[in-house]
Amino acid sequence: MKSVAVIGGGITGVTTAYALARRGLQVTLFERHRYPAMETSFANGGQLSASHAEAWNSWSTVGKGLKWMLRSDAPLLVNPRPGWHKLSWFAEFLAAIPRYESNTIASARLAIAAREHLFGWAHEEGIDFDQRHEGILHVYRDKAGFEHAARVTGLLAQGGLQRRAVTPAEMRTIEPTLEGRFYGGFYTESDSTGDIHKFTLGLAQAAEERGVEMVCGADVHGLQAGEEGARIALLRDGGQETRHFDALVVCAGTASRRFAAMLGDRVNVYPVKGYSITVMLEDPASRAGAPTVSLVDDAAKLVSSRLGANRFRVAGTAEFNGFNRDIRADRIAPLVHWVQQCFPGVGTRQVVPWAGLRPMMPDLMPRVGAGKRPGVFYNTGHGHLGWTMSAATAELIASQVQAA
Ligand SMILES: Cc1cc2nc3c(=O)[nH]c(=O)nc-3n(C[C@H](O)[C@H](O)[C@H](O)COP(=O)(O)OP(=O)(O)OC[C@H]3O[C@@H](n4cnc5c(N)ncnc54)[C@H](O)[C@@H]3O)c2cc1C
């Protein structure tokens with residue numbers, strides 16, 4: 001039986017390990033934390049959102065980024081200090097602008113393909129992850145934003161996604177708790193939400209039951225691969241270990257670039273920081289005043305999801321500031337303000353802030369496939385849509401590993 005090492009226990013690593021185990025391969029997953037899903041797959045926006053598949057590679061994003069550079073509470077923030085990693089990433093980002101349309105269509109396809117696997121696995125394994133099938137509503141405060149969204153709707157349709165324009169009155173029927181003046185919106189009934197952390201833990205347990213060896217608390221520091229197979233060097237319980245496998249799959253989020261370099265590949269993932277708050281709905285008025293339909297406010301670059309009865313998650317913004325994981329008060333404040341403005345009935349006494357680093361490729365497309373050396377594979381770089389796409393890319397990579 002072929003033995004495969006999976007590096008990383010976030011959503012991409014756990015879905016990959018699970019998909020490989022379902023194919024009967026002998027799988028070992030290495031994760032440096034004590035538990036899976038403790039980094040970017042911990043407290044994201046919760047959206048399984050094919051409707052959010054628009055690539056960021058456009059001159060309009062570049063213009064906004066430049067305009068917002070000096071505002072610390074702006075949705076998009078770039079630390080102007082130059083560095084090779086950031087400069088090379090931005091150069092490749094610009095070079096991918098001509099592929100904006102094709103990449104948006106391809107992302108929508110992946111997001112739709114992922115649904116079937118993810119829902120099927122959750123059902124089969126009995127995973128409760130506060131899933132909600134109430135659709136996602138994109139909201140626009142001005143004509144320009146709405147008209148841009150109409151053009152994106154055409155691209156998403158080419159990827160197989162149907163969404164419809166809605167008037168402000170229809171928006172209020174879809175989500176009665178939403179306050180504010182809007183020009184219009186787009187509603188995608190087929191999109192859904194859920195808690196990525198709960199799902200990843202549930203699937204990790206299911207993977208273990210299917211024979212996957214979960215090695216947590218293992219800091220991988222060396223990878224080698226060649227005709228004789230793959231070699232993994234790690235630190236665990238204060239000691240060094242070396243393990244051998246027939247193949248390995250790198251699913252290490254923002255660390256994937258470093259691992260790829262060890263294996264002679266270039267996977268230019270940049271850590272694009274985002275923030276979330278989890279608003280604890282402590283009283284009946286807050287529970288009644290919080291939305292159940294998931295939202296995207298494109299201008300504010302914020303998304304929201306209701307997680308179970310008692311939690312309301314708001315997430316977003318993008319910060320290019322290297323591997324910095326600090327939770328900044330001036331970046332959290334706009335998220336709390338957004339809740340107070342859009343959902344005045346929701347109490348904001350108990351708000352849990354979080355920051356995570358999106359593992360983002362310059363063209364916003366995940367890297368799924370073989371590396372240069374034999375037995376080396378990647379399933380990484382899912383950026384702002386890792387939760388949405390993970391089940392589809394796990395299936396893709398698992399078939400490639402099995403066939404190799
Ligand atoms: C604010 C925010 C909101 C978001 N909202 C959404 C959303 O609504 N919908 C959506 O689809 N996506 C969303 N995303 C994106 C999504 O969360 C990510 O794409 C996804 O979680 C990335 O998963 P991953 O497995 O690639 O990375 P991670 O979850 O970071 O997993 C990588 C793992 O590799 C491990 N690792 C790294 N180095 C080593 C080492 N040396 N040894 C052992 N293990 C190692 C890490 O510990 C980590 O657990 C959001 C992201 C952010 C930041």
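Predicted model: local features only at pLDDT ≥ 70, side-chain atom pairs only at ≥ 80, totals over all residues.
1. Residues are numbered from 1 along each chain as its sequence is written, and side-chain values use heavy atoms, with hydrogens and water left out.

2. Where does Lys372 sit? Look in the loop between strand E19 (367-370) and strand E20 (376-380); strands (E, at least two residues) and helices (H or I, at least four) are DSSP runs, numbered from the N terminus. Lys372 counts as exposed because its relative accessibility is 65%, the cut-offs being over 50% for exposed, under 20% for buried and partly exposed in between, with a 1.4 Å probe and protein chains only.

3. Which residues does Lys372 touch, leaving aside its neighbours within four places in sequence? Those contacts are Gly264 and Asp265. At Gly264, the backbone oxygen is 2.7 Å from a polar atom of the Lys372 side chain. Leu335, on the other hand, is 37 residues from Lys372 along the chain, with 43 Å between the two C-alpha atoms.

4. Now the sheet that holds E19 and E20. Its six strands run in the order E9-E2-E1-E13-E20-E19, as an open sheet with mixed pairing; two strands pair if DSSP finds at least two bridges between them. From one strand to the next, the twist averages 20°.

5. Inside that sheet, strand E1 (residues 3-7) runs parallel to strand E13 (residues 247-250), and four bridges join them. Val4 has Ala247 as its bridge partner in E13. Helix H1 (residues 11-22) packs on the sheet and touches E1, strand E2 (26-31), E13 and E20, with its direction at about 170° to that of E2. Such angles run from 0 to 180 degrees between N-to-C directions, with axes fitted to C-alpha atoms, for helices over the stretch in contact.

6. Finally, two hairpins worth a look. Strands E10 (residues 218-226) and E11 (residues 229-236) are antiparallel and joined by eight bridges, with two residues between them in the hairpin. Ala225 stands opposite Ala230 in E11. E11 also runs antiparallel to strand E12 (residues 239-245), through seven bridges, and Ile232 faces Arg243 in E12 as its opposite residue. In this E11 and E12 hairpin, again with two residues between the strands, Asp237 takes a positive phi near 50°.

Notes: Contact = heavy atoms within 4.5 Å. Polar contact = N/O pair within 3.5 Å; in protein donor to acceptor, adjacent residues only side chain to side chain.
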